[in-house]
Amino acid sequence: MEATVPQTLQFSTWIPCDKVARRPSSSVPVSMTWKDQRKLQVLVSAQFPTSRASNRHRNVALEVSCSYKSSPAPGSIVESGNYRASFDEALILKNKSEEVKPYLKGRCIYLVGMMGSGKTTVGKILSQVLGYSFSDCDTLIEQEVDGTSVAEIFKLHGEGFFREKETEVLRKLSLMHRLIVSTGGGAVVRPINWKYMQTGVTVWLDVPLEALAQRISAVGTGSRPLLHNDSGDVYTKAGNFSWMCLTFMRLSSLFEQRGEAYANAHARVSLENIAAKLGQRDVCNLTPTAIAIEAIEQIEGFLKEKEGHIAY
């Protein structure tokens with residue numbers, strides 16, 4: 001009987017910086033700034049060719065990724081693109097993405113949810129780990145209207161015009177493959193949009209309204225025409241408590257109109273559920289990577305169930 005060895009081994013560890021040296025042929029550059037750090041976190045990935053256990057002469061491909069963080073505390077993070085992820089989260093996300101790829105088969109993923117739910121941020125993370133392209137519906141609509149912002153489109157042409165453009169953009173995207181699509185918060189209200197989005201996998205980012213109000217308060221409502229007040233931004237016209245209540249009430253009204261439509265998504269990513277699993281009391285403390293991990297798990301669960309009942 002032939003014995004085989006695992007094809008891939010991955011783990012993270014901390015090593016003293018003074019133990020790291022660079023040889024001329026090394027592919028791991030060590031900058032002088034690292035010398036000021038006590039320890040360096042590395043991710044080691046070894047690729048083993050499957051072979052007989054008795055074969056002692058195997059070539060092993062070894063890759064090492066390094067972070068620039070100095071503290072080996074559990075909460076240490078590694079910079080990756082436009083977001084920060086803990087080392088363990090980044091590794092879990094990578095492994096989960098590899099597991100779901102055979103089930104995705106190039107299907108597009110459409111992220112739906114309320115404004116401020118993180119569709120763009122999470123979408124970009126998913127596009128990176130899955131090797132997909134990323135598209136933002138609002139940005140594509142702006143390009144269709146000669147670069148006019150969404151807020152200006154609403155002001156000049158009205159919401160009906162915007163929704164027509166949104167449907168046309170989704171129709172075009174539905175003909176493509178290997179895309180992560182961040183949709184507008186109101187894209188779910190038109191049944192025709194669901195026809196286009198459900199050619200792929202739809203994922204609802206379900207964020208508590210209180211958290212949405214906090215997120216939006218950090219940037220104001222100028223770019224969000226359905227929340228913005230023509231007489232001035234609500235954040236400049238009211239006290240802290242008053243504008244938070246006003247924003248929450250407006251979000252609640254929108255959610256009443258859209259909640260049932262969001263529930264039509266193939267997969268639901270509940271930030272409250274993620275926080276409970278991770279022992280977090282506040283969903284605002286969740287990292288985008290943790291949300292992306294949950295999204296991939298929910299997508300995989302849906303696709304496995306679908307594959308078990310319907311041949312794709």
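These notebook entries record what I looked up in this predicted model.

**Conventions.** I number residues from 1 along each chain as its sequence is written, and side-chain values use heavy atoms, with hydrogens and water left out. Because the model is predicted, local features need pLDDT of at least 70 and side-chain atom pairs count only at pLDDT 80 or more, while totals for chains, interfaces and linings use all residues.

**Entry 1: the sheet.** I looked up the strand order first. Helices (H or I, at least four residues) and strands (E, at least two) are DSSP runs, numbered from the N terminus. Two strands pair if DSSP finds at least two bridges between them. I found an open sheet of five strands in the order β7-β8-β6-β9-β10, with parallel pairing. Strands β7 (133–136) and β10 (267–270) form the edges, each pairing on one side only. From one strand to the next the twist averages 20°; angles run from 0 to 180 degrees between N-to-C directions, and axes are lines fitted to C-alpha atoms, for helices over the stretch in contact.

**Entry 2: the bridges.** I then followed the pairs across the sheet. β7 and β8 run parallel and are joined by four bridges, with Ser135 opposite Val181 of β8. Strand β6 (residues 109–112) pairs with strand β8 (residues 179–182) over three bridges in the parallel sense. Tyr110 also stands opposite Val181 in β8, and in β9 the bridge partner of Tyr110 is Thr202. β6 and β9 are paired over four bridges, again in the parallel sense. Four bridges also join β9 to β10, where Leu205 has Val269 as its bridge partner in β10.

**Entry 3: the core.** A nonpolar core is a set of buried Ala, Val, Leu, Ile, Met, Phe, Trp, Tyr and Cys residues joined through side-chain atoms within 4.5 Å. The largest one has 64 residues, of which Leu126, Leu130 and Val203 touch the most other members. Helix α11 (residues 288–309) gives the most to this core, with eight residues. Leaving aside residues up to four places away in sequence, I found Leu126 touching Leu111, Ile180, Ala292, Ala295 and Ile296; contact means heavy atoms within 4.5 Å.

**Entry 4: helix packing.** Helix α1 (residues 87–104) packs with helix α2 (residues 119–130) at an angle of about 75°, their axes 9 Å apart. That makes α1 roughly perpendicular to α2, a class covering 65 to 115 degrees, with under 35 roughly parallel, over 145 roughly antiparallel and the rest oblique. The α1 side of the contact comes from Leu93, Ser97, Val100, Lys101 and Leu104, and the α2 side from Ile125, Val129 and Leu130. I also looked up α3 and helix α5 (residues 159–173), which pack at about 110° with axes 9 Å apart. That makes α3 roughly perpendicular to α5.

Key. Buried < 20%, exposed > 50% of the residue type's maximum accessible area, 1.4 Å probe, protein only.
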